[in-house]
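Hi,

Here is the structure I promised to pass on.

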Amino acid sequence: MGKNAVKSIKLTLKALDSLGAAEGHLVPRNAGNSDTLPDSSDGSGGHLVPNPLLPGIRAFLDGNLARRKLLPEAGEYDVWDTELAGFGMRIRASGNRYWFVRLRRRGRHCRISLGKVDVVDALTARGEARKRLAEVALDGLPRRPSNNAAPLFADYFDEFWTDYARHWKASTQKRNAAAFRQDLLPRFGKMRLDHIGRSDIVRWRDDCATVCESRFNRAVPVMAAMFKYAEQLGYIRRASNPCRGMPRFKTELKERFLSPQEFRRMARELDADEATYPAQVAIVRLLIFTGARISEIRDLEWDWVKLPRLMLPDSKTGPKTIWLNTQAVKILQAVEQRSDTKFVFANRSGARPIKIESWWHPFRKRCALPDVRVHDLRHSFASVAVREKIPLATIGGLLGHILPETTARHAHLADETIADAATRVSSGLAGSLGLCA
């Protein structure tokens, strides 16, 4: 062995000693995965790692890990959480498991038990640990006294719904109640309100990725409104809403509008169905000629009909006036007014508006338009208005939009119109350059 090789070995041993490898211990090779527990702690088949790099067994402590069968060892041992420093689970030789949090209070380390694993769930234990660590971090600082103990998330919803939901429309109440029942209650129902942190919302969002992104987008505004009201009630600190700034999943906006040829195909099928389904045909024709929302025409009452306009006392954006053109006026004048109902398009009993879904789906297939939704008739109305060079502000007034951005999103142009405009622009440029168009 040469002098250079001996020198290299000495330098390597010196470097390992400086890293603490001389006092290190063997760990399994899969210890790099924080979500996987080692099968044994004897380190056989592992590699040497200094003590400061791996002070103990680490994994993300959740309900799945708590329910996993772990073989008890001769003595008790701890599993530390990879996300919240100080939070851990102790496994005793008897097999019993306990949540705990280790913290440093005024220079002394102490360990606080948070309950037995089969009694306290992982989310509640994590929230309690986070609260204890926050209290220690703020120890000695002046704090405002609080008399309101934060309730469980499930219990708080009843109070929130009673006070807050009455400001929503009936359709909004129905949608938000479903979001709470299906998405929020199963995940956060057993947690205290002040124990729900930003990391819990982020993890919920990650779990919804590629699985139920649209449901997350509908549920997170309900969650944000609940925390905003909880701040006002004093259940949580001001500006502590964990949903604030939480990004939603990007969804693909469906841009579908009918071309003149497609309008003609639909018109032929409407004429064919008029004798059998007069109410459904009248609703679709009014949607085509007014650009109104389906609920604004389907739920129309006779008291709101003030020809040549419809005076809606409420809509998605509040009270609304729909101006009717000549074709729309003729359609309404042809509808027979029944004495047993207030609705223009009532069902057989007259108690409710008629539903068109069971007729619409086979109808659009007969039109060779299986991908067209009822709402696309509204997009088509705006697209035709733009093609006729009507200003966006006027189109917004016709559609009942509050923001011009909403009108711009509805008012798309057909590909043929855009292609024709590009041809005319290029021809003008070519003429200016003295080239053949």
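Arg111 is partly exposed, at 37% relative accessible area; the scale here is buried under 20%, exposed over 50% and partly exposed in between, with a 1.4 Å probe and protein chains only. Before going further: this is a predicted model, where local features need pLDDT of at least 70 and side-chain atom pairs count only at pLDDT 80 or more, while totals for chains, interfaces and linings use all residues. Numbering starts from 1 along each chain as its sequence is written, and side-chain values use heavy atoms, with hydrogens and water left out.

Back to Arg111, which sits in strand E7, residues 108-116. If you skip the neighbours within four places in sequence, Arg111 is in contact with Asp78, Arg90, Phe100, Val101 and Arg102, contact being heavy atoms within 4.5 Å. Phe87 is 24 residues away from Arg111 along the chain, and their C-alpha atoms are 9.7 Å apart.

Asn64 belongs to helix H2, residues 63-67, and is exposed, with a relative accessible area of 53%. From Asn64 to Ala122 there are 58 residues in sequence, but 9.1 Å in space, C-alpha to C-alpha.

Now the helix pairs. Two packed helices are described by the angle between their axes and the distance between those axes. The axes are lines fitted to C-alpha atoms, for helices over the stretch in contact, and the angles run from 0 to 180 degrees between N-to-C directions.

How do H4 and H5 pack? Helix H4 (residues 153-164) and helix H5 (residues 170-188) have axes 11 Å apart, at an angle of about 165 degrees. H4 and H5 are therefore roughly antiparallel; under 35 degrees counts as roughly parallel, over 145 as roughly antiparallel, 65 to 115 as roughly perpendicular, and the rest as oblique. On the H4 side, Phe153, Ala154, Phe157 and Trp161 meet H5 residues Gln173, Asn176, Ala177, Phe180, Leu184, Leu185 and Phe188. By class, the residues in this contact of H4 with H5 are nine nonpolar, two polar and no charged. For the classes, Ala, Val, Leu, Ile, Met, Phe, Trp, Tyr, Cys and Pro are nonpolar, Asp, Glu, Lys and Arg are charged, and the others, Gly among them, are polar.

The other pair is H9 (residues 278-290) with H11 (residues 326-333), packed at about 160 degrees with axes 9 Å apart. That angle makes H9 roughly antiparallel to H11. Ala282, Arg285, Leu286, Phe289 and Thr290 of H9 make the contact with Gln327, Ala328, Ile331 and Leu332 of H11. Here the tally is six nonpolar, two polar and one charged.

What about disulfides, and how many are there? The count is zero, taking a disulfide as a pair of cysteine sulfur atoms within 2.5 Å. For Cys212, the closest cysteine sulfur is in Cys208, 3.6 Å away and so too far for a bond. Cys212 counts as buried at 18% relative accessibility, and Cys367 is buried as well, at 1%.

Finally, the whole chain: the protein chain has 16 helices and ten strands, and 39% of its 437 residues count as buried. Of its contacts with a separation of 6 or more, 54% are between residues 24 or more positions apart.

Cheers

Note on methods: Helices (H or I, at least four residues) and strands (E, at least two) are DSSP runs, numbered from the N terminus.
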